[in-house]
Amino acid sequence: MDNFIVGLPKAELHLHIEGTLEPELMFTLAERNKIKLPFHSISEAKQAYNFNNLQSFLDIYYQGSNVLQQEQDFYDLTWAYLQKAATQNVKHTEIFFDPQSHTERGIAFETVYQGIYRALQAGQKELGISFQLIVCFLRHLSAAEALKTLEMALPYKETIIAVGLDSSEQGNPPAKFQAIFDRARKEGFLTVAHAGEEGAPAYIWEAINLLHVSRIDHGVRSIEDQDLIKYLAEQQIPLTVCPLSNIKLKVFETIEKHNLKQLLDLGLCVTVNSDDPAYFGGYIAENYQAVQDALNLNQTEIYQLAKNSFQASFLQLETKQSLI
Ligand code: HPA
Ligand code: ZN
């Protein structure tokens, strides 16, 4: 891999911690917790990571999460990610977690939170990676379920910067969660949402106008709406783009057809992220490398992407300025 890319200080802003569960750790945790996996071997698991769209991925992703049971499992998961991120010079990470995929299985919110949070604190101390936590609502579940999850997060709100929205996009518009996001903002949370990954540009407008998001996760379908592109550029609303994810989930046919460079050229605050690296074949540096190779990005453009990642982060202004 290109040394310039690996060595460049980067912030990661779109990373589902459950999506960093490598098959090796999945098998270790399955054994530790006496859970039967639908795969017989690591290579069989990897062969199943062949997706047609977002839903076909989500089915496998939620199944994988079943091995996470104890606080230590969440710690080990997060620690493994941080160690990997450190080797790629990630200086700051803002990670999503999906409490509902665990509370639905009878695991306490606190178990999930404590495991992740303790590992993040260790990562800050031992690896020098600063962090923020974003609690995501699963949009295929009801608004009432999201509200219950928000209420579980309230005791920890001093250490959770934002709420987000993920899972099956089509048919689950941001509007469905307007009241919950209103409540979250009243409680002091910032907001983000996955929008315009598979969903239409109208969902991006809803995320902006109804959920008052600080960033759009994915947002690549914004290209279909010129007024939206103009607005995103003028307001510098960041997009957390995940190139390898978009190829694996067939949002674009090939990496050469990805619109990241187009969005960058149009003046949008585009960032590069890994989404679910254990399932999509690469961490953040592999994502930078893939777009550099396929879209012929020069060093200035790569540098701009890394600079955007700090600009778009929830770091304090002075910290941002010292890092950029
Ligand atoms: N989109 C929606 N939900 C998700 C994703 C994604 O890319 N990754 C994990 N949950
Ligand atoms: Zn995502």
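## Ligand shell

In the classification applied here, Ala, Val, Leu, Ile, Met, Phe, Trp, Tyr, Cys and Pro count as nonpolar, Asp, Glu, Lys and Arg as charged, and the others, Gly among them, as polar. On that basis, the shell around ligand 1 in this predicted model comprises 2 nonpolar, 5 polar and 4 charged residues. Its members are H16, G19, L54, Y61, D166, S167, H194, E197, S245, D275 and D276.

## Residue D276

D276, one of the residues around ligand 1, lies in the loop that connects β8 (270-272) with α14 (277-280). An unreviewed UniProt entry annotates D276 as "binding site".

Is D276 buried or exposed? There are 25 other C-beta atoms within 10 Å of D276, and a residue counts as buried at 20 or more, so D276 is buried. Leaving aside residues up to four places away in sequence, D276 touches H16, G19, Y61 and S245.

## Strands β1 and β2

Strand β1 spans residues 10-16. Because 7 of its 7 residues are buried, β1 is largely enclosed by the rest of the structure. Its pairing with strand β2 (residues 90-97) is parallel and extends over 5 bridges. Within this pairing, E12 has T93 of β2 as its bridge partner.

## Nonpolar core

The largest nonpolar core contains 94 residues, of which F97, I116, I134, V163 and V270 touch the most other members. For V163, the contacts beyond four places in sequence are I134, V135, F137, L150, F181, A184, F189 and T191.

Note on methods
Residues are numbered from 1 along each chain as its sequence is written. Chains are lettered from A and ligands numbered from 1 in the order in which they are written. This is a predicted model: local features need pLDDT of at least 70, side-chain atom pairs count only at pLDDT 80 or more; totals for chains, interfaces and linings use all residues. A residue is buried if 20 or more other C-beta atoms lie within 10 Å of its own, exposed if 12 or fewer, and partly exposed in between; C-beta atoms are placed from the backbone. Helices (H or I, at least four residues) and strands (E, at least two) are DSSP runs, numbered from the N terminus. Two strands pair if DSSP finds at least two bridges between them. UniProt positions are given in the numbering used here, feature names are shortened, and annotations may be inferred rather than shown by experiment. Two residues are in contact if their C-beta atoms, placed from the backbone, lie within 7 Å. A nonpolar core is a set of buried Ala, Val, Leu, Ile, Met, Phe, Trp, Tyr and Cys residues joined through C-beta atoms within 7 Å. A residue is near a molecule or strand if its C-beta atom, placed from the backbone, lies within 6 Å of it.
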